[in-house]
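Hi everyone, thanks for coming. Let me put the structure up and walk you through a few places in it.

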Amino acid sequence: MTRQSLEQLNKTFGADPAVRFETGNGGLIRAVLSANAGEAHVYLHGAHVSHFQPKGHAPVLFMSARSIFEPGKPIRGGVPICFPWFGQSGNPMHGFGRLTEWTVESAGRQSDGSVSITLALSSNDWTRSMWPHEFVARFTARISATLEMSLEVTNRSQGELSYEEALHTYFVVSDIRQVLVHGLEGATYRDKANKMQPRQRDNQPLRFSAETDSVYPSNTATCIIEDPGLRRRISVEKHDSRTTVVWNPWIDKAKAMPDFGDDEWPGMLCIETANTAENRIHLAPGQSHTIRAVIRTESM
Ligand code: TA6
């Protein structure tokens, strides 16, 4: 795969100032998408949305001050793309999609004023060394006052393609101990922080008082983060995603992560749009599947 240079990218896609490529953290190339109603940054590394901010609002995505920005390493924050597996279903953790550079296929302003970018990752010798299948993955981020993300995977193999996926979105919150999450009332989940114990939520909004790592299978609900400290609600609407994961590392896990500040856990919350385990995707040869997340904010 030939790497795309900064000059080439700005020449090919930079006619409209709505899209500009620049050198970001760690010398990695990122796209700066500027719509009238909001802005975003997307690294070619991992096709990783690292920043999204609707005009007049605080940034929506959390980024650790300790994040590493290096080829082969995951970025700690924004929206890591977990593909073709989730967690320890394979090695490396959360798959290889977030560890390699994706190719920019298109970028520009749309007729509705939004600005979008599409990046692709095709199977190659490196991916085959971990996962012996032929595929093309395409990630599109569309920015307006809303952040819309979609991941389309096409089976280019002769046989069935079975994979897991997650848009592992890190949100900024004022203080996790003050935040409520609506939408998961009464839902069943597996408590990954306690040996995957099967549990069921009560009929109250979710509050946080300890490490939380919960996998909600066969759940298509829109989640709403209610943040009194930032006086805003963030809604996480999803399409063709049947798994939701909710994660805050809390004190001990925060200390155990070298690319995450010990004092950062109160200011973040992951609500992940996924298809994992029993919700994994199965594609016949030539078939495609697209998972989508739509992130909106509103003032309280
Ligand atoms: O989605 C939650 C989770 O699976 C947690 O168990 C934790 O491992 C988190 O992902 C982050 O994983 P990472 O490999 O990015 O450190």
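Predicted model: local features only at pLDDT ≥ 70, side-chain atom pairs only at ≥ 80, totals over all residues.

Residues are numbered from 1 along each chain as its sequence is written, and side-chain values use heavy atoms, with hydrogens and water left out.

So, to the ligand. An oxygen atom of the ligand sits 2.7 Å from an N or O atom in the side chain of Glu 272. For the side chain of Asp 213, the distance from a ligand oxygen to an N or O atom is 2.6 Å, and for Lys 192 it is 2.7 Å. On its own the ligand exposes 390 Å², and the protein buries 86% of that; these accessible areas come from the Shrake-Rupley method with a 1.4 Å probe, and for residues only the protein chains shown count as cover.

Next, His 48. Is it buried or exposed? His 48 counts as buried because its relative accessibility is 1%, where buried means under 20% relative accessible area, exposed over 50%, and partly exposed in between (1.4 Å probe, protein chains only). A polar atom of the His 48 side chain lies 3.4 Å from the backbone nitrogen of Val 79.

Let's finish with some backbone geometry. Most residues other than glycine have a negative phi, and most peptide bonds are trans. Here, though, a cis peptide bond joins Phe 83 and Pro 84, with omega about 5°. Another cis bond links Asn 91 and Pro 92, with omega about 10°.

Which residues have a positive phi although they are not glycine? One is Trp 250, at about 60°, and another is Ala 277, at about 50°. Trp 250 belongs to helix H3, residues 250-256; helices (H or I, at least four residues) and strands (E, at least two) are DSSP runs, numbered from the N terminus. Trp 250 is buried, with a relative accessible area of 13%. Ala 277, in the loop between strand S20 (268-275) and strand S21 (281-283), is partly exposed at 34%.

Key:
Polar contact = N/O pair within 3.5 Å; in protein donor to acceptor, adjacent residues only side chain to side chain.
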